[in-house]
Amino acid sequence: MSLTSRILAVNVLAIALLAGSLFYLNNYRNRLTEERLAQARLQMSIVTDAMKFVEQERKAALLVQFANHLDNRIRVYDSQGSKTLDSFELAEPTYQLIDPSTEPWRKDAARFLDRSVEYIVFSQAIEPFSEPKIDVAENWPSLQRLGSKTAPVSTVKYAEDRTPVIIAGSKTEDGTESILLTSNARDITRIVRAERSSVVLVMLVAAIVSILLSLFLARTIVRPIRKLARAALRVRMGREPEMMIPKMPERRDEIGQLARALSDMSGALRQRIDATEAFAADVTHEIKNPLASLRSALEGLGRVDDPNLQSQLLTVASDDVQRIDRLINDISDASRVDAELARTKFERVDIGGMIEQLLAARERREENVSVEIAYARPGKGVTTIMGDDGRLERVFSNLLDNAVSFSPANGLIEIMATPDGDEVIVHISDQGPGIPSEQRGSIFKRFHSDRPAEEEFGKHSGLGLAIAKTIVEGHEGQIRAIDRLDEQQGACFEIRLPKGY
């Protein structure tokens with residue numbers, strides 16, 4: 001089911017609950033009818049009691065008086081069932097049953113609505129009323145139900161125009177006369193129809209408003225969601241390389257937030273895809289060079305007989321294999337960094353203590369030959385961050401390798417780790433040639449290689465600084481190359497990491 005259909009269904013359900021008031025109106029009509037039947041039985045008792053205390057010649061006048069006062073038709077039948085008195089014959093009728101064919105179409109519509117509602121609410125069927133062709137007591141079921149009883153009985157039937165006709169009957173105590181009272185309770189129908197019309201009108205207005213609101217909500221919610229879905233599909237299918245999901249800046253609600261989040265996500269995904277494609281191209285380019293050299297050396301081995309040349313070619317081939325192996329390992333590390341950082345659970349890391357342990361390990365491995373390292377060890381715990389200890393160690397190890405490579409003989413490498421507000425700042429400075437300002441952005445690119453002239457070719461893959469940058473940014477930090485703080489010659493790398501609390 002679509003979102004539009006669900007919105008409509010919810011709003012229509014509210015209208016359906018409102019329609020439950022029709023059941024109440026049906027019960028209301030039944031209560032009015034029951035009250036009118038009870039009233040008819042009471043009137044019947046009063047008329048019966050009054051008639052037995054009146055002389056025969058005054059009964060007709062009293063009968064007319066009661067009929068006019070109660071708006072009823074009163075008939076009297078003798079013990080043989082023959083009609084002896086009838087208020088409609090003695091005076092003007094107090095009510096008149098209406099032929100529905102003579103009424104305007106509005107009444108037909110009202111009766112149709114009555115039948116429809118009664119069908120919906122499972123109302124009990126009421127028998128139709130008709131005057132008997134021969135007006136005798138035995139043709140009135142209400143009088144037949146009396147039998148030998150004198151207590152009044154009452155019932156209700158529907159006239160042709162679907163208005164209630166109240167029928168009540170009783171017998172005198174001596175059983176010599178039967179009295180029948182009938183009335184057309186049109187006021188019940190009028191009251192119920194008025195209330196029902198109000199409810200139906202409210203339901204109709206509520207339904208129209210609900211549908212309009214549903215369509216408005218569908219337009220406000222469903223249309224932008226469909227727009228986002230189509231844009232996301234086009235991005236997934238790759239039909240348009242530069243296709244971006246619209247940000248919908250005019251929307252300040254959750255859909256606008258969703259649009260901007262999806263747009264940012266698709267932009268980041270596009271950047272990652274572009275970076276992956278560029279990385280793949282760079283990998284292909286970097287591996288081609290040692291492979292070409294290796295192929296040339298192997299092909300030369302088959303054409304030379306000089307043992308010295310063969311030894312040189314084998315040395316070249318061995319160096320190329322080592323270079324390819326080193327390159328593959330660095331490429332593997334670079335490609336795993338993002339994924340591993342996303343899954344890693346960060347812990348508290350004391351940067352000051354970690355760098356101290358790293359320097360001690362490098363000293364044991366004699367990796368700092370021909371250089372001196374000065375480290376201003378900060379106080380314990382003042383440079384604590386949340387991060388991955390192993391990955392951060394890789395950052396500083398790569399930077400130290402880079403500093404050792406560019407440092408002159410007996411050069412000095414200075415390391416400082418200091419807290420600064422909500423950050424921990426680490427500076428690693430050397431006394432090498434420094435980094436020109438125009439190259440400080442490109443040195444962090446993958447496979448960028450600008451090595452010292454005296455360094456043996458192929459010892460570095462050009463991925464060290466790129467890996468360091470990826471790790472630092474994965475810790476929501478920054479790394480950059482700056483001028484030395486003392487304005488002396490050399491390079492200085494600044495790493496800023498958020499503190500861990």
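How many bridges join strand E10 to strand E12, and in which direction do the two run? Strand E10, residues 423–429, and strand E12, residues 492–498, are joined by 7 bridges and run antiparallel. Two strands are said to pair if DSSP finds at least two bridges between them, and, in general, strands of a sheet pair through backbone hydrogen bonds, either parallel or antiparallel. In this pair, isoleucine 425 stands opposite arginine 496 in E12.

Before I go on, this is a predicted model, in which local features need pLDDT of at least 70 and side-chain atom pairs count only at pLDDT 80 or more, while totals for chains, interfaces and linings use all residues. Residues are numbered from 1 along each chain as its sequence is written, and side-chain values use heavy atoms, with hydrogens and water left out.

The chain has 12 helices and 12 strands, where helices (H or I, at least four residues) and strands (E, at least two) are DSSP runs numbered from the N terminus. Of its 501 residues, 40% are buried, and buried means under 20% relative accessible area, with exposed over 50% and partly exposed in between, using a 1.4 Å probe and protein chains only.

Now to the sheet itself, which is open, has 5 strands in the order E7-E9-E10-E12-E11, and shows mixed pairing. Its edge strands are E7 (371–376) and E11 (478–482), each of which pairs on one side only. From one strand to the next, the twist averages 15°.

Two helices lie across this sheet. Helix H10, residues 351–364, lies across E7, E9, E10 and E12, and runs at about 160° to E7, whereas helix H11, residues 389–406, lies across E7, E9, E10, E11 and E12, and runs at about 170° to E12. For these angles, axes are lines fitted to C-alpha atoms, for helices over the stretch in contact, and the angles run from 0 to 180 degrees between N-to-C directions.

How do H10 and H11 cross? Their axes come within 10 Å and cross at roughly 55°, which makes H10 oblique to H11; angles under 35 degrees count as roughly parallel, over 145 as roughly antiparallel, 65 to 115 as roughly perpendicular, and the rest as oblique. Between the two helices, residues including Ile351, Met354 and Arg362 in H10 meet residues including Leu392, Phe396 and Val404 in H11, contact meaning heavy atoms within 4.5 Å.

Let me stay with one of those residues. Leaving aside residues up to four places away in sequence, arginine 362 touches Glu367, Asn368, Ser397, Leu400, Asp401 and Val404.

Another helix worth a look is H12, residues 464–474, where threonine 470 is found. Threonine 470 counts as buried because its relative accessibility is 18%, and the buried residues in H12 also include Leu465, Ala466 and Ile471. The side chain of threonine 470 reaches the backbone oxygen of alanine 466 at 3.0 Å. After H12 comes glutamate 476, whose phi is positive, near 60°.

Finally, phenylalanine 346 lies in the loop between helix H9 (307–343) and strand E6 (347–350), and is partly exposed because its relative accessible area is 26%. Phenylalanine 346 and histidine 475 are 129 residues apart in sequence, yet 9.0 Å apart in space, C-alpha to C-alpha.

Notes. A polar contact is a pair of N or O atoms within 3.5 Å; within protein, one must be able to donate a hydrogen and the other to accept it, and residues adjacent in sequence count only if both atoms are side-chain atoms.
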